[in-house]
Amino acid sequence: MHSSRLAQDPVPRSPAEMVVDAVRQHRRLDGLLDRLRLLTEVREGAEYCVERMIHAEQDRAKVTLALLNAGALGVPAVDSSSLGGAAEALGWPTVVQASIAVLFLASCREAARESGSDGMELFKRSMLCGVSSRGLGAAMGIEESESFCLGLLQDVGVIGMSAWVAGDYRRFLDSPQSPDPETERGELGIDHTQAGLALLIYRGFGARLCEAAAFHHGHPERISTSARLASAAWRLTESNGDNASLCARILGVDAQVLDQAIGAVGSARAGITRLFG
């Protein structure tokens, strides 16, 4: 009798497994994250991949790409009706970054839907972290698109957490700052860094992105280069440059690099505000 009941009981699952299950059951969100993974791996043949990825909603995607490039990514003007025009003005790697941002925006909105949020706070601060990370990563010899993704996707676990607990997570989702992992663990038994690692492993993202998502809140001397870059990017972004000296020590970069990154974040913040309020 006892053994029979045990056989019928479901196997207990960890919070990380439940986060992944929540995303897996949300087919549109799951599909968006899979498309996002593909674009993070794009290097050569980028134009073909981008065109294939946005083919189903081509007109809207083209306009969004141009807006993101013209505003949030700091480019003065791009022909909003032509992906080819955007490519000519920016070069394909930047268009790929904008495509990644579009998919991330869609993912934020999809995950936030059940909680009654629009997911825009997560998107805005993640974009700024991506811009900051891209500027800092260049001085460290990290490829531009990769460093952008390390910053943009470091809080991807927030998407998973929101899909899992919905309304109970809204105050973290709508915060202009990265959630405090200790507070999350105390309330929910898991934090966004743990959820992010589980989600990225499930979807097959690269090791560096997994490291950034898992350890960007860790001690700078005990984490990988990718995680240190992500950590410095969010510290620099959320402090409006006040943590510049700390970030310089974390990354081993000079003041000029930090000043350029701070300037890029300021321009991106202004562009995002113009576009999204």
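At what angle do helix α2 (residues 15–25) and helix α3 (residues 27–40) pack, and how far apart are their axes? The angle is about 100 degrees, and the axes are 5 Å apart. That makes α2 roughly perpendicular to α3.

Some ground rules before I go on. This is a predicted model: local features need pLDDT of at least 70, side-chain atom pairs count only at pLDDT 80 or more, and totals for chains, interfaces and linings use all residues. Residues are numbered from 1 along each chain as its sequence is written, and side-chain values use heavy atoms, with hydrogens and water left out.

Now the terms. Helices (H or I, at least four residues) and strands (E, at least two) are DSSP runs, numbered from the N terminus. Axes are lines fitted to C-alpha atoms, for helices over the stretch in contact, and angles run from 0 to 180 degrees between N-to-C directions. Under 35 degrees counts as roughly parallel, over 145 as roughly antiparallel, 65 to 115 as roughly perpendicular, and the rest as oblique. Contact means heavy atoms within 4.5 Å.

Back to the first pair. From α2, V23, R24 and Q25 meet R27, L29, D30 and L33 of α3. By class, that contact has three nonpolar, one polar and three charged residues. Ala, Val, Leu, Ile, Met, Phe, Trp, Tyr, Cys and Pro count as nonpolar, Asp, Glu, Lys and Arg as charged, and the others, Gly among them, as polar.

Next, R203. Its place is in helix α13. R203 touches D30, L33, D34 and R37, leaving aside residues up to four places away in sequence. R203 and L33 are 170 residues apart in sequence, yet 7.3 Å apart in space, C-alpha to C-alpha.

Stay with α13 (residues 192–203). Its axis and that of α14 are 7 Å apart, at an angle of about 160 degrees. So α13 is roughly antiparallel to α14. T193, G196, L197, L200 and I201 of α13 make the contact with L209, C210, A213 and A214 of α14. The classes here are seven nonpolar, two polar and no charged residues.

Helix α14 (residues 207–215) also packs with helix α9 (residues 144–152). Their axes come within 9 Å and cross at roughly 30 degrees. That makes α9 roughly parallel to α14. E146, C149 and L150 in α9 meet R208, L209 and A212 in α14. Those residues divide into four nonpolar, no polar and two charged.

Last stop, a ring. R171 lies over the face of F172, 4.4 Å from the ring centre. The test for a charge over a ring is NZ of Lys or CZ of Arg within 6 Å of the ring centre and within 35 degrees of the ring normal.
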